[in-house]
Amino acid sequence: MSKLSNLIPPDEQVSFWSGVLDPESNLDLISVPPEDLWREKRAGLVVIECPQEIPCNPCHTSCPTGAIKVEPLTAIPKVNYDLCTGCTICVSKCPGLACFVIDKTPADYSIVKLPYEMYPVPKVGEVVDCLDRTGKPVVEGEVLNVTEPSRDGTKVIWVKVPKGFEMTVRAIKVKGGE
Ligand code: SF4
Ligand code: SF4
């Protein structure tokens, strides 16, 4: 059985994938921060859901602190979490939409900072549908910030989610949008 089925029930494994995960993905290969550091790191830490050996490295070349290494070019990204500042540049630069920054430091909620290349662009304060990896709405979330860290058109949306949804929410949908 696919390890992704731990996160997505098999009958919901449809063609919407937030990044480059697919039903055969080995979740042991995704980059998840150490929990103790994650709970303390203001601004959050990167989660990279890129377990495939593909020739790609904008996450590596764009990271201003050298926290991500893709060596050789087809390797799976490795993260030095002591160097990650949660700046979200890799989130905007990854062509696979496979990088997310997650801030667990607020007491009552968490913040998922995710890539967004759709229209309409949500506004700060707007309540949006938060989607899982299959594109299914799982919870509503308030947009806390809309940024464009690389000034290249790719937005990074900061969405407030209830505790426990950090590793479920991977996209958003503006209510009434396509
Ligand atoms: S969030 Fe910023 S510091 Fe952290 S890995 Fe991504 S680009 Fe590097
Ligand atoms: S830029 Fe994205 S798709 Fe490319 S190696 Fe890095 S995480 Fe994977």
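1. Let's start with one residue: L73 touches P55 and N57, leaving aside residues up to four places away in sequence (a contact means C-beta atoms, placed from the backbone, within 7 Å). The C-alpha atoms of L73 and C56 are separated by 6.1 Å, although these residues are 17 residues apart along the chain.

2. A word on the model: this is a predicted model, in which local features need pLDDT of at least 70, side-chain atom pairs count only at pLDDT 80 or more, and totals for chains, interfaces and linings use all residues. Residues are numbered from 1 along each chain as its sequence is written, while chains are lettered from A and ligands numbered from 1 in the order in which they are written.

3. Is L73 buried or exposed? L73 counts as exposed because it has 11 C-beta neighbours inside 10 Å (12 or fewer is exposed, 20 or more buried, in between partly exposed). L73 sits in the loop between strand 2 (68-69) and strand 3 (78-79); strands are DSSP runs of E, at least two residues, numbered from the N terminus.

4. Now the sheet: 7 strands form an open, antiparallel sheet in the order 1-4-5-8-7-6-9 (strands pair if DSSP finds at least two bridges between them). Strand 1 (45-48) and strand 9 (171-173) are at the edges with a single partner strand each, so one side of each has no neighbour in the sheet.

5. Within this sheet, strand 4 (residues 99-103) and strand 5 (residues 109-116) run antiparallel, joined by 3 bridges. V101 has K113 in strand 5 as its bridge partner.

Definitions and conventions
Helices (H or I, at least four residues) and strands (E, at least two) are DSSP runs, numbered from the N terminus. Two residues are in contact if their C-beta atoms, placed from the backbone, lie within 7 Å.
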